[in-house]
Amino acid sequence: MTRKPPSSAAIKAWGRLMRVSRQLVEKTEDALKAEGLPPLAWYDVLHELAEAGEEGLRPFELIDRVLLAQYSVSRLLARLEADGLVEKLSVADDGRGQTVRVTPNGRDMRRRIWAVYGASIAEFMGDRLSANELTTLAGLLGRLRDPPAVA
């Protein structure tokens with residue numbers, strides 16, 4: 001199957017998207033570090049577990065919801081458990097299965113991280129783009145998330 005090469009506009013947009021994405025994450029990570037807080041990956045996991053409620057999530061469900069590789073999630077869950085931020089529970093009908101849920105300390109850590117993370121979103125995006133521009137950007141990025149299958 002032969003595909004046409006990307007247009008110069010697509011290459012330019014791609015480059016800017018990659019650079020801006022990296023820059024925004026780095027600035028947010030720096031802000032978290034300055035406050036003595038853990039990295040964004042911790043927030044991502046704690047957020048998904050908090051959203052799941054008391055039932056928690058199986059590790060494979062969590063992997064589907066976060067932007068981390070399976071091995072990274074496994075290591076991060078071990079660290080979060082050691083720090084008392086999540087707990088692992090056995091699954092009644094699956095002798096080897098586990099469910100992971102956030103603890104009260106994990107909920108508190110999530111709130112502390114969000115205070116800095118939310119401020120970063122406001123500073124790096126909300127203060128620079130209008131509400132209409134943010135809506136347009138979100139719509140455009142949404143269209144890129146799940147592109148149609150190529151025949």
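Visitor: OK, so buried means under 20% relative accessible area, exposed means over 50%, and partly exposed is in between. Which one is Trp114?

Guide: Trp114 counts as partly exposed, because its relative accessibility is 42%. One thing to keep in mind as we chat: this is a predicted model.

Visitor: Noted! How many aromatic pairs does the structure hold?

Guide: There are 3 aromatic pairs in the structure. One of them joins Tyr43 and Tyr117, whose ring centres are 5.2 Å apart with the planes at 80°, so that pair is edge-to-face.

Visitor: Why does 80° make the pair edge-to-face?

Guide: Planes over 60 degrees apart count as edge-to-face, so an angle of 80° puts the pair in that group. In general, two things describe a pair of aromatic rings: how far apart the centres are and the angle of the planes.

Visitor: Where do Tyr43 and Tyr117 lie?

Guide: Tyr43 lies in helix H2 (residues 40-52), while Tyr117 lies in helix H5 (residues 104-126). The two are 74 residues apart in sequence, so their pair ties together separate parts of the chain.

Visitor: And are those two buried or exposed?

Guide: Tyr43 is buried, because its relative accessible area is 10%. Tyr117 has 23%, so Tyr117 is partly exposed.

Visitor: Back to Trp114. Which residue does Trp114 form an aromatic pair with?

Guide: Trp114 pairs with Tyr117, again edge-to-face, at 5.5 Å centre to centre and 75° between the planes. Both of these residues sit in helix H5, 3 residues apart, which is about one turn of the helix.

Visitor: New topic: charges. How many salt bridges are there?

Guide: The count comes to 7 salt bridges. As a general idea, side chains of opposite charge can pair when their charged atoms come close. An example here is Arg110 with Glu51, at 3.5 Å from N to O. Arg110 lies in helix H5 and Glu51 in helix H2, so this pair ties together parts that are 59 residues apart in sequence.

Visitor: Is Glu51 buried or exposed?

Guide: Glu51 is exposed, because its relative accessible area is 53%.

Visitor: What about Arg107, which residue does that form a salt bridge with?

Guide: Arg107 forms a salt bridge with Glu54, and their closest N and O atoms are 3.7 Å apart. This pair also links distant parts of the chain: Arg107 is in helix H5, and Glu54 is in the loop between H2 and H3, 53 residues apart. Arg107 is partly exposed, with a relative accessible area of 26%.

Visitor: Let's look at the largest pocket. What is its volume?

Guide: The largest pocket has a volume of about 1,700 Å³. It is lined by 36 residues, and the closest to its centre are Ser21, Leu24, Val25, Met125 and Leu141.

Visitor: Which helix gives the largest share of the lining?

Guide: H1 does, with 13 residues of the lining of the largest pocket. Each of H1, H2, helix H3 (59-65), H5 and H6 supplies at least two lining residues.

Visitor: You mentioned Leu141. Where is Leu141, and how exposed does it count?

Guide: Leu141 is in helix H6. Its relative accessibility is 36%, so Leu141 counts as partly exposed. Leu141 also belongs to a nonpolar surface patch of about 500 Å², together with Trp14, Leu17, Met18 and Leu144.

Visitor: And which helix gives the most to the nonpolar patch?

Guide: H1 again, with 3 residues. Helix H1 (8-34) and helix H6 (131-145) each supply at least two residues of the patch.

Definitions and conventions. Residues are numbered from 1 along each chain as its sequence is written. This is a predicted model: local features need pLDDT of at least 70, side-chain atom pairs count only at pLDDT 80 or more; totals for chains, interfaces and linings use all residues. Side-chain values use heavy atoms; hydrogens and water are left out. Patches are made of residues with over 30% relative accessible area and no salt bridge: like charges are joined within 9 Å, nonpolar side chains (Val, Leu, Ile, Met, Phe, Trp, Tyr) within 5 Å. Accessible areas come from the Shrake-Rupley method with a 1.4 Å probe; for residues, only the protein chains shown count as cover. A salt bridge is a side-chain nitrogen of Lys or Arg within 4 Å of a carboxyl oxygen of Asp or Glu. Helices (H or I, at least four residues) and strands (E, at least two) are DSSP runs, numbered from the N terminus. Buried means under 20% relative accessible area, exposed over 50%, partly exposed in between (1.4 Å probe, protein chains only). Rings of Phe, Tyr and Trp (its six-membered ring) pair if their centres lie within 6.5 Å; planes under 30 degrees apart count as stacked, over 60 as edge-to-face and the rest as tilted. On a 1 Å grid over the protein atoms alone, a cavity is a set of points where a 1.4 Å probe fits but cannot get out, and a pocket is an open set with protein on both sides within 12 Å along at least five of seven lines; lining residues have an atom within 4 Å of a point. Grid points are joined across faces, edges and corners, and a volume is the space filled by probe spheres set on the points.
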